[in-house]
Amino acid sequence: MRKDYKLEKRKYVIGGFIIIICLIYICRLFNLQVADDKYKAYADSNAFFKKTIYPSRGTIYDRTGKVVVFNQPAYDMMIIPRDVEPFDTLDLCTTLGITHEEFMRRWTNMRDRSINPGYSNYSPQTFLTNLTTEDYGKLQEKMYRFPGFYIQKRILRDYYYHCAANVLGNIREVSKSDLEADDYYAAGDYTGDTGVEKSYEEHLRGVKGVEILIRDARGQIQGRYEDGKFDKAAVSGRNLKLAIDIELQQYAESLMVNKLGAIVAIEPHTGEVLALVTSPNYDPSMLVGRDRGKNYNLLMKTPHKPLYDRSITGYYPPGSTFKPTQALTFLQEGIITLDTRYPCSHGYINGGLRVGCHGHASPLPLLPALQTSCNGYFCWGFKNMIDRRSKYGSSAEAFEVWKNHVVSMGYGYKLGIDLPGEKRGFLPNAKYYSKAYGEGHWSANTVISVSIGQGEVTATPLQIANLCATIANRGWFITPHVVKEIEDTVIAPQYFEKRYPTIDAKYYPPVAEGMRMAVLGGTCTRANIPDIPVAGKTGTAQNPHGKDHSAFMGFAPYDDPKIAVAVYVENGGWGATYGVPIGSLIIERYLRGYISESRKPIETAMLNASTVQLSEYAK
Amino acid sequence: MLNNRILSSGNDNGSTSLFRYIDWPTIILYLLLVIAGAVCIYAASYDYDNASIFSFAEFSGKQIRWIGLSLILGLVILLVDSRFYETYAYPIYIAMLCLLLLTVFIAPDIKGSRSWLVLGPMSLQPAEFAKFATSLALAKLFSGYGFKLGTTKNSYIRAIAIIVLPIILILAQRETGSALAYTALFFVLYREGMSGIVLLSALSAVVFFVVAIKYTELAFLGISAGELTVFIMIMLIMVGMTAIYCRYPQAARNLLLWFSGSMLTAWVIEKIGVAVPGTYVCMGIIIAAVIYLLILQLHEKTRRMLHTALVAIVSVAFLFSVNYAFTNVLQPHQQQRIKVTLGMEEDLRGAGYNVNQSKIAIGSGGIWGKGFLNGTQTKLKYVPEQHTDFIFCTIGEEEGFIGSALTLLLFLGLILRVISIAERQPRTFGRVYGYCVASFLIFHLAINVGMVIGLCPVIGIPLPFFSYGGSSLWGFTILLFILLRLDAGRRDCRNY
């Protein structure tokens, strides 16, 4: 048969056609497999289901080993958005007990990368946290109706003692800034918000583990990837042992009911905080679970700000509790000796200025001045120091020397307690006054009130307690801290180191003696507990918010101090009215374990007393 | 029915001479593809639960049996006298049509299709076996004495009837993919003398359709970018045809000037701020060109100007019917599939799921692949139909770009070899049959791989030799081995 050569050429067209197709396909394959690597990531998120294993958060014990904070199981509803199929939203909302609007709001927020930067269609997202066990039970039966949703068990906090909220703090869901600051966190994780939960977050949280599971197209788990070779076990958080004596804390809080203010009790030779009370306060379990947000807003609106920790952030005039710092400074600077006497004719009268005082012998030396809390004595001492140009050159320079001594005793700067949010109080320096009055235009009399803990100077109750601990130690202190031990590790070194103020140790015993005299026969005789030698100093601080604040600091036993306490009751009047009795009750309760029969009436009176109403009227 | 002639006449014994003349490169390519296919099926159906056991219990084991049986089948085909196929081409074809018809009525409904004949433990798909029967019938028709496409009376009608009859029966079984595969036989008609314009028009129609549907955003002159592109393509085709097909470069130049000048004017007028009815303007420009061609036709002996004018008119008409057809003729799920394929809609859970998952599987393979049995996507059944229609994913994921490109090249090699075998046949029967084989392979390869890598709509057809299933493997084995038998006997045929 003759071949048609013209038609035979068409083999090139047909052959060429399939060659071109193959070339196009190879280009496409190159594009898919080599040029574009997004498919690799898709494939991994398709096939690997990384299941986070949450470590249990560290338990918190008090100094005596009692469990204070422990874990309770909680359930979160998670979503893998990619796997979600149309479902009965109404059914889900009813089961969860949320409104449809709430559901939609959560849905939109979850998908909004500006709120949830870790959003991905392929990875688990937290939809709703803190389901109750009952909700969990109800949901478990229905989960098959909601493809793409699953429940994840997680740990929540629970409390045996419903106190010390300011110390313990609480945990909350991580915010966007947490996520950005620390890539340990994933959306929906929890982190410490306040208290030791925040300051010891890295110890308490442990290390999350991960289980890599293989998941097929139906979302069913096929097993563990490489028999768990790449899995990572969760490491439990470390347990904390608090310095706090939780029963003393509880007792101290009960004494502060219906009063505003703070109590700080420190074990002097360790710097361990035995009790850190702020009043009003709240039950820490209020800020756990699904009601956290609601309760948080409630607490924010409550009068007298229970969320505000007065013990470490309150700016209070220290009043007469400040006088020991003055005595120590004057002794150190050689302004006074123990024999120096200053006159006090119902106050300090100099250059047309009068600072009132109450009736006592005059002139008097240091110890009786401390005993009776004589304003005149300390004003004179202050004037002699600040205006001694022969020694310091100018009032400003003298004031700087004075300020540095006071700073070394823990005022004007944060002490460095292991709790977030501590405030530094306020201690003016010479520059501050030069700015206010003009350089060289001020002298001792201009600023005389700081010598008796009034005027510009303010301190936190923690700083007052720390001064008391320093005197109890006769010349040194350890930075106060609320955590005594961390499991498997040691606490930060600064909580072991002794800090020495710029005052010679030899000047402390007389000051301590003056405070002992105040208890035996001075301003704080109500602190004189049978069989327990207490030393103390009252404070009655004038303030612009109404009635005087009632303050007290004291330590005991006198010769071997086990506790130093500072009490500050806003608008409580005289230091002796609330500060002294409350402080002495705490000392007695801590050292003895109970309140002696003879002092029961004081206890009853204090438990029932209320200053809140008074302060309301005062305003 | 053994080949007595070969057995009795050779110097050596008959089978030696048979195996001397057989085309070994094709056999080797065939074996490579079949073995690679079995390995892929093993990988695709491999289960993480039984990771340590090398078990052929499931798909791969069955496929090994199919392969063994198909080798025996291939041998039997080779041992049959080559004249048998030519002699019994029509009876085989008619028998197969009857089987197809029977299937429509007795086949059980499996996933909406009635194409499977269940014979005891196995089920067969007659549509796959009808391929070789149709090829034989088509070859027989063309090898008829004095038959010439276009010259012989009713030649087109008879050829097309042979192709369309199985298509109708297979459509009745609701196996659209398999039915469409028979349209590949138009390549054979082209090789045997059908005008290239028909093939070109079909191709243009597909391109016009895709472009017009896909690019819907407004370009200028108030019409969509797709529509405008199609108008410009029609104009370029007219210019090209006038220059090359009509061999009239001067007219082509005039047309080019006319198109560019008038389109530019329209564009400038629109820029000035006058609303131009773009569709009518473009149509008017093309109609003017058509009239110009028709005037030129008056002085021509051939009808090539007329053809060119017709192409233009048909193209414009087609363009107008596209939108209508798309919205009114196609079913919503078909529209959906087309839209997803064209990348107009991203529906990752619906129609796009298969394609998206298969793209993920292939794309995650990288250059070298994840290694045999290490593919996660295919193992975990993310890709539907992964051991049948989507088997190419397994290659893509586990053997990477290198493996998948090599596989494509193996297929390309086989197809080109089949074309060259077809061309070396001394007889029309062998040549036409060879082109039928090549056409089926081209269609299956282009559509199957195209759909897996997201370039073609998802039409469920298997990848020859690779996809799991006895029918497809046997169907293609028979198809190929008959060609090898015809080729091996081509020397004997010279004596005819």
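Modeller: What follows starts at the sheet, then takes the loops, the helix pairs and a salt bridge.

This is a predicted model. The open sheet has 5 strands, ordered β12-β11-β20-β19-β18 in chain A. The pairing is antiparallel. Its edges are β12 (272-279) and β18 (535-543) of chain A. Each of these two pairs on one side only.

Strand β11 (residues 261-267) of chain A runs antiparallel to β12(A), and 7 bridges join the two. Within that pairing, A:Glu267 faces A:Glu272 of β12(A).

One helix covers the sheet strands. Helix α22 (residues 579-592) of chain A lies across β11, β12, β18, β19 (546-556) and β20 (563-569) of chain A. The angle between α22 and β20(A) is about 150°.

Now the loops attached to these strands. A cis peptide bond links A:Ser279 to A:Pro280, with omega about 5°. A:Pro280 sits in the loop between β12 and α12 (292-301) of chain A. A:Pro557 belongs to the loop between β19 and β20 of chain A. Most peptide bonds are trans, and most residues other than glycine have a negative phi.

A:Asp531 is not a glycine, yet its phi is positive, near 70°. A:Asp531 lies in the loop between α21 and β18 of chain A. A:His304 also has a positive phi, near 70°, and is likewise a residue other than glycine. Its loop is the one between α12 and α13 (310-313) of chain A.

A glycine with positive phi turns up in a hairpin. Strands β13 (residues 347-350) and β14 (residues 353-356) of chain A run antiparallel and are joined by 4 bridges. A:Ile349 has A:Arg354 of β14(A) as its bridge partner. The hairpin of β13(A) and β14(A) has 2 residues between the strands. A:Gly351 takes a positive phi near 55° in this hairpin.

Next, the helix α21 of chain A. The loop holding A:Asp531 runs between α21 and β18 of chain A. Helix α21 (residues 508-521) of chain A packs with helix α14 (residues 323-332) of chain A: their axes come within 10 Å and cross at roughly 150°. The cut-off for roughly antiparallel is over 145 degrees. The two helices α14(A) and α21(A) therefore count as roughly antiparallel. α14(A) passes α21(A) in a right-handed crossing. On the α14(A) side, the contact uses A:Pro324, A:Ala327, A:Leu328 and A:Leu331. They meet A:Tyr508, A:Val511 and A:Met515 in α21(A). By class this contact has 7 nonpolar residues, no polar and no charged ones.

The axes of α4(A) and α6(A) come within 9 Å and cross at roughly 155°. That angle makes α4(A) and α6(A) roughly antiparallel, therefore. α4(A) brings A:Asp91, A:Leu92, A:Thr95 and A:Leu96 to the contact. α6(A) brings A:Asp135, A:Lys138, A:Leu139 and A:Lys142. The residues of this contact divide into 3 nonpolar, 1 polar and 4 charged.

A:Arg145 forms a salt bridge with A:Asp91, and the closest N and O atoms are 2.6 Å apart. This pair links distant parts of the chain, 54 residues apart. A:Asp91 is in helix α4 (residues 89-96) of chain A, while A:Arg145 is in the loop between α6 (133-142) and β5 (149-159) of chain A. Over all chains the salt bridge count is 36.

Last, a pair in chain B. Helix α7 (residues 126-142) and helix α21 (residues 470-488) of chain B have axes that come within 7 Å and cross at roughly 20°. This crossing makes α7(B) roughly parallel to α21(B). The crossing of α7(B) past α21(B) is right-handed. Contact residues in α7(B) include B:Phe129, B:Phe132 and B:Leu136. Those in α21(B) include B:Trp474, B:Phe476 and B:Ile482. The contact of α7(B) with α21(B) divides into 8 nonpolar, 4 polar and 2 charged residues.

Key:
Residues numbered from 1 in each chain as written. Chains lettered and ligands numbered in written order. Predicted model: local features only at pLDDT ≥ 70, side-chain atom pairs only at ≥ 80, totals over all residues. Heavy atoms only, no water. Pairing = 2+ DSSP bridges. Contact = heavy atoms within 4.5 Å. Axes fitted to C-alpha atoms, helices over the stretch in contact; angles between N-to-C directions. Parallel < 35°, antiparallel > 145°, perpendicular 65-115°, else oblique. Left-handed = near helix turned anticlockwise from the far one by under 90°. Nonpolar A, V, L, I, M, F, W, Y, C, P; charged D, E, K, R; others polar. Salt bridge = Lys/Arg side-chain N within 4 Å of Asp/Glu carboxyl O.
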